[in-house]
Amino acid sequence: MALSKNRFGLFFFNFTKKTHIMLSKNIETALNKQIRIEAESSQTYLSMACWAEVHGLEGIAQFMYTQSDEERAHMLKLVKYVNERGGHAQITDLKAPKTSYSTFKEMFETLYNHEIFVSESINELVHITFEEKDYATHNFLQWYVAEQIEEEATAKSILDKINLIGDDKGGLYLFDRDIQQLTVTSSIAINPK
Ligand SMILES: [Fe+2]
Ligand SMILES: [Fe+2]
């Protein structure tokens, strides 16, 4: 909001004029790329939720539905930021995710590798903000840096558990129940009362 003079020489508050520096084209393009990655992550986890659900893995399905929602929230946060900073968030077509997995272990390996890929993408984005001297966007992205540390750690600890279970069916049953508990805890963390 800025104080402007109208044609009668009177001062008024101009609510539309942006007083902060607009996003550079480079940053806008890089943020739009990340919007697409978060949207594709959301679709990937939604597809994993479906695969788990039709295979009777209720807990894993719930976990994946929650992950999918979280990725959509990550995408929306970026969308709002780009539009508020004078850019234009681009909603585009997305790469279709895989629809089936040979084992649930393979599915969680895919999730873990995907989170590593997202972390690398966030790191690259942070690097670009330094090059462009855009410290506001640099600051905004710190939330994503912290989030990726957490997501990688969660995916890694799940994979460790899966490796302990091996082919044990009873273990899989307990794991499915455990992961349901993890979903309840993480949704409390997202929506604190
Ligand atoms: Fe994300
Ligand atoms: Fe993620």
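Phe 63 is buried in this predicted model, since its relative accessibility is 4%, where buried means under 20% relative accessible area, exposed over 50% and partly exposed in between (1.4 Å probe, protein chains only). Phe 108 is likewise buried, at 1%. The search of the whole structure gives eight aromatic pairs; rings of Phe, Tyr and Trp (its six-membered ring) pair if their centres lie within 6.5 Å, with planes under 30 degrees apart counted as stacked, over 60 as edge-to-face and the rest as tilted. One of them joins Phe 63 and Phe 108 in a tilted arrangement, 6.2 Å centre to centre with 45° between the planes. Phe 63, Phe 104, Phe 108 and Phe 175 make up one aromatic cluster.

Donors here are N, O and S atoms within 2.8 Å of the metal (3.2 Å for Na, K and Ca), and water is not among the atoms, so sites may look incomplete. Glu 71 also coordinates the iron ion (ligand 1), which lies 3.4 Å from the iron ion (ligand 2). Both Glu 71 and Glu 115 are buried.

As for conventions, residues are numbered from 1 along each chain as its sequence is written, while chains are lettered from A and ligands numbered from 1 in the order in which they are written. Local features of this predicted model need pLDDT of at least 70 and side-chain atom pairs 80 or more, whereas totals for chains, interfaces and linings use all residues, and side-chain values use heavy atoms, leaving out hydrogens and water.
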